[in-house]
Amino acid sequence: MTKDKALEDLFLAQKPQFDDSDAFMASLNRRLDAVEYLKQYQEATIRRYKMAMVATFVIGIISGAVGITFLLAAPADVPLFTFRLHSVFLQWLSENSRILVAIALSLLMSFGLISIIANIQDIMRMRKKRDSFSFVTENVL
Amino acid sequence: MTREEFITYVEREQEALRGFLLALCCGKKDDADDLAQDALVKAYISSAGYQDKGKFRSWLFKIAHNTFLNHKASCRTMESIDEARTLLSNASAESSFEHQDLYLALRTLPPKERSSITLFYLNGYSIKEIAAITDTSEDAIKKQLSRGRDKLKERLKL
């Protein structure tokens with residue numbers, strides 16, 4: 001496909017010249033600074049969450065193991081709970097009462113630890129927000 | 001690509017990019033510069049995945065073209081009100097550029113035709129390159145160029 005000469009000349013004659021390139025680049029640099037800040041903040045947040053998850057996992061595992069060991073090491077002559085009704089399922093429950101209680105305890109401990117760490121993080125975030133807000137308002141006012 | 005490398009490339013290409021977007025925005029310099037900044041930020045964010053080092057300008061134009069189309073799609077209502085106002089009053093001057101015949105004629109073209117025409121006549125890209133930038137087939141580009149050229153010539157009385 002060939003170019004229309006008259007149209008091409010018109011386009012080239014009206015090719016714009018920009019005399020504000022420095023201002024444009026300065027504005028772009030400011031935007032890129034903001035992007036960098038957000039990227040760093042995002043990376044730091046992800047890193048913090050990963051650390052928190054690992055800590056929660058490790059503490060949960062250790063606590064669960066300790067709980068299970070304690071329960072299994074205790075005398076097992078008497079079950080922790082019994083049922084008056086007779087059924088295969090309830091009998092199985094009472095026979096394995098110690099291990100089931102140990103698992104339930106471990107789960108509870110894990111959930112508890114997760115919620116504690118999440119709450120601490122929320123509090124720290126709120127403190128950070130409050131500090132930055134007070135810093136901004138102090139500077140504005 | 002590091003930030004310094006990105007800035008070096010952009011310093012070299014920014015005038016061409018702004019000229020392209022200025023034509024797409026029919027002479028509205030503020031809109032064109034806002035779109036250019038948006039496109040460059042998007043390019044910077046995805047610059048880690050940039051591989052084809054020989055075609056930085058085409059890559060940038062592709063992002064700018066998509067940014068322009070998204071912008072057009074997001075403010076279609078405002079755009080049609082604006083166009084209606086222009087037709088009624090014939091006085092929607094925002095800058096001296098807007099009064100120029102070429103920009104007024106470009107305004108009558110649909111965005112895709114406008115992109116193809118601008119890339120072909122202003123930036124000197126081939127049909128194959130335009131097809132790659134706009135993610136369209138070469139036949140479609142040929143049709144857009146043909147239709148756009150006829151409309152512009154009729155409007156500009158060339």
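Two residues count as being in contact if their C-beta atoms, placed from the backbone, lie within 7 Å. This is a predicted model, where local features need pLDDT of at least 70, side-chain atom pairs count only at pLDDT 80 or more, and totals for chains, interfaces and linings use all residues. Residues are numbered from 1 along each chain as its sequence is written, and chains are lettered from A and ligands numbered from 1 in the order in which they are written.

**View 1. Chain A and its helices.** Chain A has 4 helices and 0 strands (DSSP runs numbered from the N terminus: H or I of at least four residues for helices, E of at least two for strands). Of its contacts with a separation of 6 or more, 65% link residues 24 or more positions apart.

**View 2. Chain B and its helices.** Here you'll find 8 helices and 0 strands. Buried residues come to 35% of the 158 in chain B. Take the chain B contacts between residues at least 6 apart in sequence: 68% of them join residues at least 24 apart.

**View 3. Where chain B meets chain A.** Chain B puts 25 residues into the contact, and chain A puts in 20. On the chain B side, the elements giving two or more residues are helices H1 (3-24), H2 (29-45), H6 (111-122) and H8 (138-156). H1(B) supplies the largest share, 8 residues. Sorted by type, that side of chain B has 13 nonpolar residues (Ala, Val, Leu, Ile, Met, Phe, Trp, Tyr, Cys and Pro), 8 charged (Asp, Glu, Lys and Arg) and 4 polar (the others, Gly among them).

Methods:
Buried ≥ 20, exposed ≤ 12 C-beta atoms within 10 Å, placed from the backbone.
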